[in-house]
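I opened the notebook to record what I looked up in this structure.

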Amino acid sequence: MKPIKLGLIHPGDASDSFNVSFRSGLISMLEHYPNITLYERSTLHDTPTAIAHANELAKLDVDIVILNHLDQRAGYTLVKPLTLRKIPVISVEVEFPMTYYLGVDNELSGRFAAKEAANWIHDHWNQKLDKVLVGLDQRVTSTHRQRIDTALNTLRQWVQYHQDQVLYIDTRMNTEVAYKNTYPVLERWHNAHKILMIAIGDTIARGMMDAARDLNRQDDVII
């Protein structure tokens, strides 16, 4: 078989279960294809580093690149060195321009999450909410936001709440940051006892839920 040079740009964050499982699955798969040589580059979520890696892989003239990066604000700048050389790029989970997107259906995921939340709120909180806390990463401008917006809009079909009951916090897709930014909000919301927390993935959910537990408020929240 023809030799193939595969580039991989990824966070290399051992605390992010999605990235860890994605990388391990890819490495396991490549064991069956000795003709594929992997050029792996880690970014630790730093965009200038990701751009430098993209330039390096372009100069190495790899055949294809898998891009797993959060900062959509980098946009075309990040993939430009590769696309100029007509190297195809697959963007994973977070979509970038001029790439082939591989990720979940964000609208379908949002509707599914909203239905599950609505059923629980109906059974336990009599279809009432006091507050909604949303953990975002401000570097992701569309992909995750589409999922969350769909969840919030769909939830409104079954549970009545107002936009001024919703607060967005930045989590940097990091458990510790999610904890740090959730804790003071739950302290301020001491009179709220029906709080829906929304997060992208278990890395963020864990930090937000740990903050609730440490405040002994686990009975006041669902996530």
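I began with the second largest pocket, where α1 (17–30), α5 and α7 each supply at least two residues of the lining. The model I am reading is predicted. α1 gives the most to this lining, with three residues. I noted a volume of about 270 Å³ for the second largest pocket. Its lining has 20 residues, and D16, F18, E93, M173 and I200 lie nearest the centre. By class, I wrote down eight nonpolar, eight polar and four charged residues for the lining of the second largest pocket.

Next I turned to the largest pocket, which holds about 450 Å³ of space. I listed A113, A114, I198, A199 and I223 as the closest to its centre, out of 21 lining residues. Two or more lining residues come from each of α4 (106–124), α5 (143–155), β8 (195–198) and α7. The largest share, seven residues, belongs to α4. The lining of the largest pocket divides into 15 nonpolar, three polar and three charged residues.

Last, I looked up how α6 and α7 pack. Helix α6 covers residues 175–188 and helix α7 covers residues 202–214; their axes are 7 Å apart, at an angle of about 40°. The crossing of α6 past α7 is right-handed. On the α6 side I found T175, A178, Y179, T182, Y183 and L186 in the contact, and on the α7 side residues including I204, R206, M208 and D210. This contact of α6 with α7 has eight nonpolar, four polar and three charged residues.

Methods:
Residues numbered from 1 in each chain as written. Predicted model: local features only at pLDDT ≥ 70, side-chain atom pairs only at ≥ 80, totals over all residues. Heavy atoms only, no water. Axes fitted to C-alpha atoms, helices over the stretch in contact; angles between N-to-C directions. Helix = DSSP H or I, 4+ residues; strand = E, 2+ residues; numbered from the N terminus. Left-handed = near helix turned anticlockwise from the far one by under 90°. Contact = heavy atoms within 4.5 Å. Nonpolar A, V, L, I, M, F, W, Y, C, P; charged D, E, K, R; others polar. 1 Å grid on protein atoms, 1.4 Å probe; cavity = no way out; pocket = protein on both sides within 12 Å on 5 of 7 lines; lining within 4 Å. Points joined across faces, edges and corners; volume = space filled by probe spheres on them.
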